Amino acid sequence: MKIAAIEAVPYAIPYTKPLRFASGEVHTAEHVLVRVHTDEGLTGVADAPPRPFTYGETQASVTGVIERIFAPQLTGMDVLARERIHARLHRTVGNPAAKAAIDMALWDIAGQSLGLPVSRLLGGWSDSMRVAHMLGFDTPERMAAEAERMRDTYGITTFKVKVGQRPVRLDIEVCRALRDALGGEAELYVDGNRGWTASESAAALRELDAIGITLAEELCPADDVLGRRWLVRNCPVPFVADESATTPAEVTRSLLDGAATAISIKTARTGFTHSQRVLFQCEGMGAEVVMGNQIDGQLGTVCTAVFGAAHASSARRPGELSNFLDMSDDLLTEPLAITDGVLAVPDLPGLGVAIDPEKLHRYRQDH
Ligand code: MUC
Ligand code: MG
């Protein structure tokens, strides 16, 4: 079966509530729906969420690189020749979300053609994932109220708190308010998106440790090499690399250099093929992973859950799978549901999802 065409459809869906964090903010999901068509009539889908503040990609760059470079280079190739396909993609540097979406759409096709869910093809560990919710910057009162609503409505008890504000006290007050509102049982961890220096991070960690956190992510820039290494060595909890370790090679360097002791895996940037490489490297090196969120919609969230549920080590911790709840609408025909803090992976061939043509027509921006 051969790749017949690759489509990149830009679309925009507003958030009901913008997400704010130390490196940026997102008001509208300006994503690209990637569809790979085969000569046997199958179509694989995946989502590319451009994050200019993290990878430099934009909606226009994702559609441009797919239409002008990747589609001409891949058309006619065997759908299952993943190594060859990745060798072609690798000729172009960067563009992680565009490459990842093509990779995941190809896995969707492989699953459909075999009549099997992709999650089973990847590893078949579980059919669901526990969910962690990511809380963007707001007042302590509003963030605590959002966390309580997530717990009461969806059964979510793990929260990733965006930090990295100045003064540091602002975030400490938020974490205290969350602990007071949620009690000792709730799991809290923090993500600074490189907002602090190493010394600010150290001051924050002393107070956060007393409040009780389980992970600290990208508190200061990895490029502050010695400060970051010192911070990681002295950190009381695993220190997660996210945007500083976005390829298998960066992950190796980050762990060997002491720039992190745990890794955030985001299928939105490493697809399924390279996410597996990252995961297996982490297993080999004894580093924990967390299934991260690139402010995904429902299609991106399904991909994270499909991958996370597939392996013991990626399913161990709750995955960041709930921020689609803040979108005003979505493209899937069957909306995802979080019940008792758990998201089920669709038990259908491929990714197990379908795009609603009317919704795509309503939100697409290329007509
Ligand atoms: C995260 O974990 O950092 C914010 C920016 C991005 O690319 O992903 C989010 C969440
Ligand atoms: Mg992060």
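Predicted model: local features only at pLDDT ≥ 70, side-chain atom pairs only at ≥ 80, totals over all residues.
I started at P167, which is found in the loop between β5 and α7 (169-182).

I then checked backbone angles in another loop. N95 has a phi near 55°, a positive value in a residue other than glycine. I placed N95 in the loop between α3 (82-89) and α4 (96-114).

Next I turned to ligand 1. I asked which residues come nearest to ligand 1. Of the 15 residues around the ligand, the nearest are K160, K162, D191, N193 and D242. I sorted the shell by residue class and noted seven charged, four polar and four nonpolar residues.

I looked up polar contacts to the ligand, taking N or O pairs within 3.5 Å. For K160, I noted a polar side-chain atom 2.7 Å from an oxygen atom of ligand 1. For D191, an N or O atom of the side chain is 3.0 Å from an oxygen atom of ligand 1. For T54, the distance from a polar side-chain atom to an oxygen atom of the ligand is 3.3 Å.

On its own, ligand 1 has 280 Å² of accessible area, and the protein covers 99% of that. I also checked which kind of space holds the ligand: ligand 1 sits in the largest cavity.

I asked which elements give two or more residues to the shell around ligand 1. I found α1 (52-55) and β5 (158-162).

Why does ligand 1 lie between domain 1 (3-116) and domain 2 (120-344)? I recorded that ligand 1 lies between the two domains because both give residues to the shell around it.

Note on methods
Residues numbered from 1 in each chain as written. Chains lettered and ligands numbered in written order. Heavy atoms only, no water. Near = heavy atom within 4 Å. Polar contact = N/O pair within 3.5 Å; in protein donor to acceptor, adjacent residues only side chain to side chain. Areas by Shrake-Rupley, 256 points an atom, 1.4 Å probe, with all protein chains shown as cover. 1 Å grid on protein atoms, 1.4 Å probe; cavity = no way out; pocket = protein on both sides within 12 Å on 5 of 7 lines; lining within 4 Å. Sits in = over half its atoms within 2 Å of the grid points. Helix = DSSP H or I, 4+ residues; strand = E, 2+ residues; numbered from the N terminus. Nonpolar A, V, L, I, M, F, W, Y, C, P; charged D, E, K, R; others polar. Domains from an automatic or database assignment.
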